[in-house]
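Student: Hey, can you walk me through this one? I'm new to it.
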Amino acid sequence: GWCNQAFVTLATNDKYAKGAVVLGKSLRNHKTSKKLVVLIGPHVSEPSRAVLQTLYDEVRLVDVLDSGDTAHLAMMQRPDLGVTFTKLHCWTLTHYSKCVFMDADTMAVANIDELFDREELSAAPDPGWPDCFNSGVFVFCPSNETYGKLLQYCTEHGSFDGGDQGVLNGYFSDWATSDIRKHLPFIYNMSSIAIYTYLPAFKQYGSNAKVVHFLGKTKPWSYTYDPNQRRVQGDVQEASSHPGYLLEWWSLYSSCVLPLKQ
Ligand code: UDP
Ligand code: MN
């Protein structure tokens, strides 16, 4: 049923917490019937946690270093994979039967509850290497057994790209060939990169997007926003490739944060 299904995201610091605020708000605005869970690291400040509490059903502190379990051991062997281990923690949410993980730099622009019809591990192709899935949006089933195997895979093989995407593609290595239903359409993880790598396709299909992913170095929170003029400031050259989405991100962010400051 709906009550044991959840959208899950992760924020280890206040910057990514801003993204989690917008993601949570975007899912609420599109009237999701699922639970919302955010995993936070110990460095997320109290004010950020307070905003997240207003949007998420569960704000769950994940401190891999303190956890004293197998994750701690794995972490000691691979300290380079800190955020990755934290992300893998989503498999321990076993009070849910199925979840959809979404990066904190994603934003829903439509209701996406239909993703819960998919099985583990469903994800959209990575725009840079389409035989790999992009780990910014994926359907998974929490399980302590899978979690243990993932940690083991991580410590033994590491990550070919240094992050969670490398680990997950290594572990779920049959994604590309096993079952086409596990290939989510690109509209569920439309990275802004596609706008300039394949503009005609973006013009043709972009309006169908259901999730926008601000993949890459420059995140929405890297810009500054003037809420009075409703304008994004900064190097909007790059921003101009996704101007509407960036404005939408900022207007969602202000709608959550400004009322609390007054
Ligand atoms: N993340 C985090 N803190 C960090 C880096 C990453 O919480 O310092 C989480 C966050 O949910 C983020 C995800 O890990 O969305 C993946 O990182 P990012 O989105 O920056 O990678 P990209 O999608 O640009 O490859
Ligand atoms: Mn991302």
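Tutor: Here is a short chat about the metal site and a few backbone spots.
Tutor: This is a predicted model, where local features need pLDDT of at least 70, side-chain atom pairs count only at pLDDT 80 or more, and totals for chains, interfaces and linings use all residues. Residues are numbered from 1 along each chain as its sequence is written, chains are lettered from A and ligands numbered from 1 in the order in which they are written, and side-chain values use heavy atoms, with hydrogens and water left out.

Student: Okay, what coordinates the manganese ion (ligand 2)?
Tutor: D103 (OD), D105 (OD), D105 (OD) and H213 (NE2) do, at 2.2 to 2.3 Å. Donors here are N, O and S atoms within 2.8 Å of the metal (3.2 Å for Na, K and Ca); water is not among the atoms, so sites may look incomplete.

Student: And where do D105 and H213 sit?
Tutor: D105 is in the loop between strand 4 (98-102) and strand 5, while H213 is in strand 9 (residues 211-213), 108 residues apart. Strands (E, at least two residues) and helices (H or I, at least four) are DSSP runs, numbered from the N terminus.

Student: Are D105 and H213 buried or exposed?
Tutor: Both D105 and H213 are buried. Buried means under 20% relative accessible area, exposed over 50%, and partly exposed in between (1.4 Å probe, protein chains only).

Student: New topic: what's phi for K31?
Tutor: Near 55 degrees, a positive value in a residue other than glycine. K31 counts as exposed because its relative accessibility is 69%.

Student: Which residues does the cis peptide bond join?
Tutor: E120 and L121, with omega about -10 degrees. L121 is in the loop between strand 5 (106-108) and strand 6 (122-125).
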